[in-house]
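Hi,

Here is the structure we talked about. Please open it alongside this message; my notes follow below.

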Amino acid sequence: MQNIKEYVEANKQRFLDELFDLLRLPSVSADPKFKGDVQKTAEFVAQKLRDAGADNVEVCATAGNPIVYGEKIIDPSLPTVLTYGHYDVQPADPYELWDTPPFEPTIRDGKIYARGSADDKGQFYMHVKAFEYMMQNNALACNIKFMIEGEEEVGSVNLGTFVKENTERLKADVIVISDTSMISMAQPSLETGLRGLSYVEVEVTGPNRDLHSGVYGGAVANPATILAKLIASLHDENNHIAIPGFYDDVVELTAEERKALNEAPFDIEEYKSDLGIQNIWGEKGYTTLERTGIRPTLEVNGIWGGYIGEGAKTVLPSKANAKISMRLVPNQNSERITELFKKHFEGIAPDYVKVEVKPHHGGEPVVTPTDSVAYKAAEKALHETFGVKPIPTRGGGSIPIVALFEDVLGLKTVLLGFGLDSDNLHSPNEKYGIENYLMGISTIPLFHKYYAELSK
């Protein structure tokens, strides 16, 4: 352990400089204007893998953004760890809400502020630097493979095809992903489950053109008003999702399981203060930890229609739109939930508007085992690094490819994340702690060490 800490300390500035170079590349997968930057980022990652000592490094073309692959096979008889990450990032909009430019990383109060710092460039790059340490110090205890993709933020649309076409190349014993969070730096944790996702866009159309709100208002249905009413009807008075059949397949946790979940350190007043809210909101009968981990949700991610520019324009819009995401729990199925939503939303539309539901992407919920060799290795590694035994938690986010890996490759995943919920993921002023970054680099070699030992 001391050797790792000494290596990290000696190379700290270089590790930060390299991460900053990566963060300066605006690899936004959702916006085609960044296509060239996405390609440059893939090539950057590939070169850093080569520099660290990986073999057979390739920038693999797909129908969309490339996937970077690399490996180091030291002994076929040893276990093989497949490390997954993503180099694409969320759009930085609205830029004006950033305190510093999103693609010019800045350090404030020990945190790295930049788009992608925590999600997921800072986290996957820890594995590259940990691999470098293991290669430089003859400490590689397992075979290692890397698969770093460029479309996670848009649903990993081409990853499934790549995985199915490369099952032999991706053969491994376990998958490790650092794209999740811990409770805190004082209390590490390991996420043992992720929610699934159903993402849709809805469009409400009224008149065949925008109208003068004085001449036509009160006589013609306003799509923005109707959309607001339809969305409001999706939750009942107990904040329960009001779509028939939505909860049919939900696996309810036992009283003992719920009690264990709620034993995780959580300060509700600190939570409210951090978010600047007066009170919490959610499904009646469940705690905040349960609402964000084991219960399905439905949220509006964006809503628009009519005139939203400066000043006033008295218009009755022809169309109104919204983007809606639903987080799913075991045993819900994303395709079934999408179909239930579509049938319900189009079915409750009044006849003075037309409603269309356009499915985007989805993914399935997963639960990872806590009794596996890989989980125990991660637990030991975190315990040694932090001095505190990590506790299992359920993650509220979604990584759809975890279910894909299990289905196609037959592999379970360890969610070895070092971010924090307060890192402003997907928001302006995203950040990642320097300490988190360096502690991750220090912990990952220990995971490989203990995984090899416990696999014997």
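Which residues line the second largest cavity? The model is predicted, and in it that lining is made up of Gly193, Leu194, Gly293, Ile294, Val329, Pro330, Val366, Val367, Arg394 and Gly395. By class, six are nonpolar, three polar and one charged. The volume of this cavity is about 40 Å³.

The other cavity

The structure has two cavities of 30 Å³ or more.

Four strands make an open sheet, ordered 13-15-11-16, with antiparallel pairing. Strand 13 (297-305) and strand 16 are at the edges with a single partner strand each, so one side of each has no neighbour in the sheet. On average, neighbouring strands are turned by 15° against each other, direction ignored. Strand 11 and strand 15 (residues 319-328) pair over 10 bridges, in the antiparallel sense. Tyrosine 199 sits opposite serine 325 of strand 15.

Helix 7 (residues 223-232) packs on this sheet and touches strand 11, strand 13, strand 15 and strand 16. Its direction makes about 15° with that of strand 15. Helix 11 lies across strand 11, strand 13, strand 15 and strand 16. It runs at about 170° to strand 16.

An unreviewed UniProt entry lists residues 193-352 as "domain: Peptidase M20 dimerisation". That span is 29% helix and 22% strand, and its end C-alpha atoms are 43 Å apart.

The second largest pocket

This pocket has a volume of about 390 Å³. It is lined by 22 residues, and the closest to its centre are Ser334, Gly362, Gly363, Glu364 and Pro400. Which strand gives the most to the lining of this pocket? Strand 16 does, with five residues. Helix 5 (159-165), strand 11 (196-205), helix 11 (334-347) and helix 13 (401-408) are among the elements that each supply at least two. The lining counts eight nonpolar, 10 polar and four charged residues.

Best wishes

Conventions: Residues numbered from 1 in each chain as written. Predicted model: local features only at pLDDT ≥ 70, side-chain atom pairs only at ≥ 80, totals over all residues. Heavy atoms only, no water. 1 Å grid on protein atoms, 1.4 Å probe; cavity = no way out; pocket = protein on both sides within 12 Å on 5 of 7 lines; lining within 4 Å. Points joined across faces, edges and corners; volume = space filled by probe spheres on them. Nonpolar A, V, L, I, M, F, W, Y, C, P; charged D, E, K, R; others polar. Pairing = 2+ DSSP bridges. Axes fitted to C-alpha atoms, helices over the stretch in contact; angles between N-to-C directions. Contact = heavy atoms within 4.5 Å. UniProt positions renumbered as here; feature names shortened; annotations may be inferred.
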